[in-house]
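Subject: Structure handover

Hello,

Here is the structure for you to look over.

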Amino acid sequence: MRTYIPVIRASFMVGLIYRFGFIFSIIGNIVYLGVAYYLWKSIYGSATTLNGLTFNETFLYVGLGSSIFILLKTYADWLIHHEIQQGTIAVYLTKPINYQLYALSTNFGAMLMNLATITIPTALMLIFVFHVKVAPGAGLFLFPISLFMAFLISFSFDFLVGLMSFYSESVWGISTTKEIIITVLSGALIPLQFFPAAIQKVLFWLPFQAIYHTPLMMITKADLGLQTFLPMLLVQLGWTIALFILSRLFYNQAIKVLRIAGG
Amino acid sequence: MRRTLGEYLRLYFIIETQYIKARMQYRVDFIVSSIGMFFSSLATLGVFWVILQTVPNLAGWSLMEMVFIYAFYMIAISPMQIIFDHAWQIRYHVQQGTFLKYYFRPLNMMFYYMSEMFDIKGLTQFALGIALLIYASIQLHIDWTLTRFMLLLMTLFSAALVQISIVVSAACSAFWVTNSFPVLGLAWRLREFSPYPMTIFDGAFRFTFTYVIPIGFVAFYPSQLFLRPSEVSSLIYFSPFIGIGFFALTYWIWTKGVNSYTGTGS
């Protein structure tokens, strides 16, 4: 662990260089919140609840989803692709570190920076500008744990896709496809409750719902109680471990085909 | 040195044939990217579909009408994707200093710069947009008279210019701030709101999307002309001026940018 703390710190500091970028990300989020507000307002019309969610709950779900989006988008796929193309990945292979944990630490540092500069301001905006109400409950305490596991799952997906660069030049296509599948099927854009019942059944068997839906539910329906949240957390934990091991195994395979031009 | 439009078109054709030949070496990349493009172009439509499973319409617009608006949007953003995709790389060229080479050709700089890339995967989006537009037109029984067809071409042309202007002017910020990625990211997110029915917004949002960053003209306002001619606002008849005006503004920003660029000194 001690090996990786400086890596986390360094990537946290790198974030500071791009201070200018935060402003645009926050503006982007505010515009998104505004658009989502009007969109869902018009969808709800005079209805108080749709699919078991009130307007306040849906807007909280979607708005919070947009504020944690930056945390759960790790860019690990692009980073690995870049390092394979440039050949710089060889540097890590000669050091006594684990590349998967190294990549994870880099992303974790960047995530902490984004949390402080983008997610928290956006979440505050949600409460103070859009007057979203959060019901107190057990979910609020479980949310950070759930969010952390969501980050690990999202990282594993990005890492897996990045490893495909060992075999293919075409990272754009694979990465974009992954991105769309995750955002649409995970609840990042629209609460999963809105999907038709048959599709919902399938979605709950897939790992994507563990990325957005699980942590978002902890806040939107915080008062549901432990008997609802504990099974959800267990499923999330299962996916976290399974995907982490899967990406480690894939990494061990992929590294064997690596060829880097000399020089 | 002045060249005629014909000469530019001929040049563009020659440059892009060579470019496509070179890209064809990466056939797998083309196929995989096209699949990625297919999914990413349909994502927002998928969201509309899910919403319309619960409520019968979106601010009064049925699913098929939304498909029409969305198809219009897909066609309108295609020229930006296909012809102006190199805009995304301005920040790299500015940072690395390779932007200098674009000053040394007897060609219009924007033409020369943008001609270096022709995004083949964008054609997937374009084709998909046309297919959906035809499908929705048949389902909605839209009567395509010659006048309407001319109006369609005119509004599409203007919508494409608005979209190009938004992205290119965001990319031009690289000349002043080097890393234009956050600005481009914002422009990209705004783009995704253009197929939303503008009637759901009010106040500052409606004003901004109509007059300041006119994404309403990328799909919604022009589509109204074909779907509900009676509800159309008279603003739409200014649409060609909005498109051309915004492009002229963008060209002015570009010129300012390239004139202020000083290289990296190496």
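A residue is called buried under 20% relative accessible area, exposed over 50%, and partly exposed in between. B:Lys101 has a relative accessibility of 40%, so it counts as partly exposed. Please note that this is a predicted model.

B:Lys101 pairs with B:Glu116 in a salt bridge, with 2.8 Å between the closest N and O atoms. The two come from distant parts of the chain, 15 residues apart: B:Lys101 sits in the loop between helix H4 (90-96) and H5 of chain B, and B:Glu116 in the loop between H5 and H6. B:Glu116 is also partly exposed, at 27%.

In chain A, a salt bridge joins A:Glu57 to A:Lys221, at 3.3 Å between the closest N and O atoms. This pair spans 164 residues, from helix H3 (residues 55-72) to the loop between helix H10 (213-220) and helix H11 (226-254). A:Glu57 is buried at 16%, and A:Lys221 is buried at 19%.

B:Arg228 and B:Glu231 form a further salt bridge, 3.5 Å from N to O. Here B:Arg228 is buried at 19%, while B:Glu231 is partly exposed at 42%. Over all chains there are 11 salt bridges. A network of them links A:Lys73, A:Asp77, A:Asp158, A:Lys178 and A:Glu179.

Now the second largest pocket. Its volume is about 960 Å³. The lining has 30 residues, with B:Ile83, B:Phe84, B:Phe157, B:Leu161 and B:Ile164 nearest the centre. H7(B) gives the largest share of this lining, 8 residues. By class, 27 lining residues are nonpolar, 3 are polar and none is charged.

Regards

How values were computed. Residues are numbered from 1 along each chain as its sequence is written. Chains are lettered from A and ligands numbered from 1 in the order in which they are written. This is a predicted model: local features need pLDDT of at least 70, side-chain atom pairs count only at pLDDT 80 or more; totals for chains, interfaces and linings use all residues. Side-chain values use heavy atoms; hydrogens and water are left out. On a 1 Å grid over the protein atoms alone, a cavity is a set of points where a 1.4 Å probe fits but cannot get out, and a pocket is an open set with protein on both sides within 12 Å along at least five of seven lines; lining residues have an atom within 4 Å of a point. Grid points are joined across faces, edges and corners, and a volume is the space filled by probe spheres set on the points. Helices (H or I, at least four residues) and strands (E, at least two) are DSSP runs, numbered from the N terminus. Ala, Val, Leu, Ile, Met, Phe, Trp, Tyr, Cys and Pro count as nonpolar, Asp, Glu, Lys and Arg as charged, and the others, Gly among them, as polar. A salt bridge is a side-chain nitrogen of Lys or Arg within 4 Å of a carboxyl oxygen of Asp or Glu. Buried means under 20% relative accessible area, exposed over 50%, partly exposed in between (1.4 Å probe, protein chains only).
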